[in-house]
Amino acid sequence: ASIEYIFSVGNQITSVDLNNCTDLRTLHCRTNEITGENMTDLVKDLPDRNEKTTGIFMVYASGDSREENVITKADVAIAKAKNWIVIDWNNTEYEGI
């Protein structure tokens with residue numbers, strides 16, 4: 001079976017391995033601890049959704065004191081180039097820091 005949806009919210013994870021998740025189209029991993037190189041590796045590992053429906057990457061929860069993920073504008077650009085929309089917990093587009 002292929003994995004199309006991953007939901008890992010509030011688990012204090014510091015990295016996500018997307019190997020063999022070529023069918024992934026939704027990734028919710030807000031309120032975790034993914035930063036720096038681990039975040040960059042995560043967006044680089046997102047499967048290419050070009051010529052497919054746009055992927056949804058919910059990675060940040062503005063205003064939530066438990067949020068420790070950090071995604072930069074450069075990381076967001078990598079995701080967008082693969083046809084992923086990066087969104088905040090309230091379903092608004094998130095541009096990164």
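A residue is called buried when its relative accessible area is under 20%, exposed when it is over 50%, and partly exposed in between (1.4 Å probe, protein chains only). By that rule G10 is partly exposed, because its relative accessibility is 44%.

Welcome to this structure! It is a predicted model, in which local features need pLDDT of at least 70, side-chain atom pairs count only at pLDDT 80 or more, and totals for chains, interfaces and linings use all residues. Residues are numbered from 1 along each chain as its sequence is written, and side-chain values use heavy atoms, with hydrogens and water left out.

**The sheet**

- Helices (H or I, at least four residues) and strands (E, at least two) are DSSP runs, numbered from the N terminus.
- Four strands make up an open sheet, in the order β1-β2-β3-β4, with parallel pairing. Two strands count as paired if DSSP finds at least two bridges between them.
- The edges are taken by β1 (5–7) and β4, each with a single partner strand, so one side of each has no neighbour in the sheet.
- On average, neighbouring strands of this sheet are turned by 15° against each other, direction ignored. For such angles, axes are lines fitted to C-alpha atoms (for helices over the stretch in contact), and angles run from 0 to 180 degrees between N-to-C directions.
- The parallel strands β3 and β4 are joined by five bridges. F57 has V86 in β4 as its bridge partner.
- T26 sits in strand β2 (residues 26–28), and T26 counts as buried because its relative accessibility is 12%.
- Contact means heavy atoms within 4.5 Å. Leaving aside neighbours within four places in sequence, T26 is in contact with E4, Y5, I6, I56 and W84.

**The nonpolar core**

- A nonpolar core is a set of buried Ala, Val, Leu, Ile, Met, Phe, Trp, Tyr and Cys residues joined through side-chain atoms within 4.5 Å.
- The largest such core has 20 residues, and those that touch the most other members are L18, L27, L42, L46, F57, I71 and V86.
- Two or more residues of this core come from each of α1 (36–45), β3 (55–60), α2 (73–81) and β4 (84–88). The largest share, three residues, is given by α1.
- I71 touches M39, V43, F57, V59, V76, V86, Y94, G96 and I97, not counting residues up to four places away in sequence.
- In soluble globular proteins, nonpolar side chains tend to be buried together.

**Helix α1 and its cover**

- Which residues of α1 are buried? They are M39, L42 and V43.
- Looking down the axis of α1, these buried residues fall within an arc of 90°, so they line one face of the helix. The arc is that of the directions from the helix axis to the C-beta atoms.
- The cover over the buried residues of α1 includes β2, β3 and α2.

**Loops worth a look**

- G10 lies in the loop between β1 and β2. Apart from neighbours within four places in sequence, G10 is in contact with R30, T31 and N32.
- From C-alpha to C-alpha, G10 and E33 are 8.8 Å apart in space, while they are 23 residues apart in sequence.
- I34 belongs to the loop between β2 and α1, and I34 is buried because its relative accessibility is 0%.
- Beyond residues up to four places away in sequence, I34 touches several residues, including I13, V16, C29, M39 and L42.
- T31 is also placed in the loop between β2 and α1, and T31 has a positive phi of about 50° although it is not a glycine.
- N83 is in the loop between α2 and β4, with a positive phi of about 65° although N83 is not a glycine.
- Most residues other than glycine have a negative phi, and most peptide bonds are trans.

**The cysteines**

- How many disulfides does a search of the whole structure find? The search finds zero disulfides, a disulfide being a pair of cysteine sulfur atoms within 2.5 Å.
- C21 is in no disulfide, and the nearest cysteine sulfur, that of C29, is 12 Å away.
- C21 is buried because its relative accessible area is 6%, and C29 is buried because its relative accessible area is 1%.
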